[in-house]
Amino acid sequence: MSSEKKEAQKKPSSKPVAEKPTPPAVAKPPAPVAKPAAAPAPPAKEPDAPAFEKGLVDEIKKRFGDSVKIVFIKRLRIKVQVEPKDIVEVATFLRDTMGFDHAESAGGTDYPKDNQIEVIYHLGSYGREDLAAHILSLTTRTSRDDARLPTLINVYNSVEYHERETFEMLGVYFDGHPRNDRFLLPEDWADIPPLRKDFRIKGR
Amino acid sequence: MKKELVSPTTFNVLVSKLSDILVRALDQPLGYAINWGRIWSLWPVHLETACCSVEFGAASGPRYDVERFGIIEAFGSLRQCDLIVVQGTVTRKMAPRLRMVYDQMPEPKYVIAMGACAITGGLYIDSYNVLPGVDGIVPVDVYVPGCPPRPETLIQGTMLLQEKIKRSKIK
Amino acid sequence: MTSVEEKFEESKRLGLQIVKESEDDRLMTLSVGPQHPGSGHFRFTIKVDGDYIVYCDPDPGYVHRGEEKMCEYRNVIQNIPHLERPVIHDSNNITYSYSLAIEELVGIEVPRRGQFIRAIASELNRQVYTLYWLAIYGIFLGHSTMFMWPAGDRELFIDLLEALTGARVTHAFNIPGGVRNDVPEGFRDRCIRQIRYFEKRLKEYEDIFYNNPLFRQRTEGVGILSKDDATKLGVAGSVLRASGIPYDIRKAEPYDIYNEVDFKVQYMKTGDSFARSYVPFLDMRESCQIIEQLLDKMPKSGEVRAKLQPNPKGPPGEAYRRVESGRGALGYYVVSDGTPKPYRVKISVGSFRNMLALPFLLVGQKLADMPAVYWSLNYWPVEADR
């Protein structure tokens, strides 16, 4: 059983278009009925793993159409990319209707080749049992020279310190966050944000 | 018990220690007594700097009992302590606080640099927030290497410190 | 009896400066700083009104060593020693999650015996970590026997881990692909004997600590975190399970061979400091049974490590894997761009997530309740600062 799981995980996804890997017959226990929320229940009855994720993605696409871009759908992991102006709306939809009720972490990656910084939020669910293992990565990209994003603190309270750390480490300003401030670095830090790629640590 | 004390192998050690005590106690009795009091009651400040503090905590445990050397972490103010054990990495944010704590301690005070990170920066030498060694801020008496040092090594370090204090002169 | 007004007049005549007490002067700012018997290497500023805390602001970063930046300059295997230093006494779990993420990126398959040994080391480390946490909890509350007993029992588990891996706390045992070496001779019998002894000791801990009326008074009803608040604040691990949400990654998203192990998720419903201090104890008891099952089911022989090329690298991609460490969920987000060195490593640690609950819970408590609430949130500053 574990080797089958390893096979399913071994399929890397490098293409930015939606790619569904051919699902092996993974014996997954049938997911219990979703908690009654004010929502259309996703097709949770089928035991086939990627089909469940596909069902979640179809719901998002039905609501938002082309403003979301699906980067990949893997077993238990979905990555969705949106524009900075839509992110609060999409996050509210994910929280209220789809059942992803907390953000596990939030961070950023610097891509100097595209001249962009990507900020990624990993969303998980404590309340719904069929979504307990799923992580939906909500990402957005902003330009490196003037990095500003709307904050998600009113939707997910748990990103307060993560966004503050991203501001400090990568230089991304979050509009609406109460404190875009020093957090982990010393108070007299006078250099560029450390996690940018043009910051070289000494000797390397 | 007397036979073990005075056996051929231990006899010269016994004689040297006795002579040492007698010479110094008769020569400078007050200095000897003060030094004796100092080495058997070194009180460390509760300042954990980084991950070596786990091994310092284990050293205070029942197996490597460091309390028999008089090292009790007196959870009072630092105005009554005389030892700082710099346990691990010192970052640029912590460095001014370490100096402030060191300045507030009364004389005579001693510093043990514990762990590779406190001696030269250790594993984190090329990090952007780590000081390469703590002897630029505070004067260090004993360096205890290891990553983290075993509690036995820490105890050996304190014994070295005790030897050093024994040799010092009282003004 | 002169009145206060007359005293002020007198002091003005003498040229002394006395500030009249006003409403603004009621609040006093305290800095529970990095040198403090009750805080470790972490500073938080609190404002008190008499005896009640009205504001709390954490100020971490005293042990920020730049782990995530350093990961980009070393290759995948060289990252293991410095990645295990954040939670040095739970080092098997923080490298477990990293190994899982790298295995998914590079495409390595771990042999079955290696998976079992990894899980056994992880469970033993969970015991070691929880015993250290209990020891410091005892010291913070002034129960010094509760410092000595867990510290002593912890040494017995460290002996087992030292026989298995070669080092006391910094094991560097998990690598992507399995574990470094096989178990020594007689390990299984030693382990079983130690677990039998430890289960008896757990009963004694319950008698002196958890049934102690002073401890109960200090922690019951103090710092209550409700179920909704726990979900909104996104806390992790034992803090979450003490508020009534039975979420354990070993059950929710089983990794390696945890789907073959039979155990129950321990949780409590009250959400106060007593529940947060009792859930790790229940976890320890459950963990003893898990270790026994793992030792029974382990295959008798086999490889423990997959063969690796000198500089393992995989196609460009990303992976996010999580593991249930002694404290809670520990996740790694690794991005690779096809070279042997990772492009970005982000560690999502339980302490950083639980830190958000600290200002939330401390407001409204009395100042003397601060150690009980603070340490029950299972916060380790070195890990949160990475």
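**Confidence, fold and contacts in a predicted three-chain model**

Chain B has an average pLDDT of 83, and 94% of its residues score at least 70; pLDDT is the predictor's confidence in each residue, on a scale from 0 to 100. The structure is a predicted model, in which local features need pLDDT of at least 70 and side-chain atom pairs count only at pLDDT 80 or more, while totals for chains, interfaces and linings use all residues. Residues are numbered from 1 along each chain as its sequence is written, and chains are lettered from A and ligands numbered from 1 in the order in which they are written. Within chain B, confidence is lowest in helix H1 (residues 2–5), with a mean of 63, and highest in E3(B), at 92. Where pLDDT is low, the predicted coordinates should not be read in detail. Helices (H or I, at least four residues) and strands (E, at least two) are DSSP runs, numbered from the N terminus.

Chain C contains 16 helices and eight strands. Its C-alpha atoms fill a box of roughly 90 × 50 × 35 Å along the principal axes. Of the 386 residues in chain C, 54% are buried. A residue is buried if 20 or more other C-beta atoms lie within 10 Å of its own, exposed if 12 or fewer do, and partly exposed in between, with C-beta atoms placed from the backbone. Two residues are in contact if their C-beta atoms, placed from the backbone, lie within 7 Å. Among the contacts in chain C with a separation of 6 or more, 70% are between residues 24 or more positions apart.

Three strands of chain C form an open sheet in the order E6-E7-E8, with antiparallel pairing. The edge strands are E6 (317–324) and E8 (344–348) of chain C, each of which pairs on one side only. From one strand to the next, the twist averages 10 degrees. Two strands pair if DSSP finds at least two bridges between them. Strand E7 (residues 329–336) of chain C and E8(C) are joined in the antiparallel sense by five bridges. C:Val335 has C:Arg344, in E8(C), as its bridge partner. Helix H4 (residues 91–106) of chain C packs on this sheet and touches E6 and E7 of chain C; its direction makes about 150 degrees with that of E6(C). Axes are lines fitted to C-alpha atoms, for helices over the stretch in contact, and angles run from 0 to 180 degrees between N-to-C directions.

The largest nonpolar core has 181 residues. Such a core is a set of buried Ala, Val, Leu, Ile, Met, Phe, Trp, Tyr and Cys residues joined through C-beta atoms within 7 Å. Helix H5 (residues 112–140) of chain C gives the largest share of this core, 16 residues. The residues with the most contacts inside the core are B:Val86, B:Ile112, B:Met114, C:Val334, C:Ala357 and C:Leu358. Leaving aside neighbours within four places in sequence, C:Val334 is in contact with C:Ala101, C:Ile102, C:Leu105, C:Glu318, C:Ala319, C:Pro342 and C:Val345.

Between chains A and C, 34 residues of chain A are in contact with 39 residues of chain C. On the side of chain A that touches chain C, helix H1 (2–10), strand E3 (102–111) and helix H4 (160–170) of chain A each give two or more residues. E3(A) gives the most, with six residues. The residues of this side divide into 15 nonpolar, twelve polar and seven charged. Ala, Val, Leu, Ile, Met, Phe, Trp, Tyr, Cys and Pro count as nonpolar, Asp, Glu, Lys and Arg as charged, and the others, Gly among them, as polar.

A:Phe174 lies in strand E7 (residues 173–175) of chain A. This residue counts as buried because 23 other C-beta atoms lie within 10 Å. Not counting residues up to four places away in sequence, A:Phe174 touches A:Leu149, A:Thr151, A:Glu163, A:Phe167 and A:Asn180. The C-alpha atoms of A:Phe174 and A:Pro150 are 5.4 Å apart, although 24 residues separate the two along the chain.

Several loops have backbone features of note. The peptide bond from B:Glu107 to B:Pro108 is cis, with omega near -10 degrees, and B:Pro108 is in the loop between helix H5 (95–104) and strand E2 (110–114) of chain B. Phi of C:Asn378 is near 60 degrees, a positive value in a residue other than glycine. C:Asn378 is in the loop between helix H15 (370–376) and helix H16 (381–385) of chain C, and is buried because it has 26 C-beta neighbours inside 10 Å.
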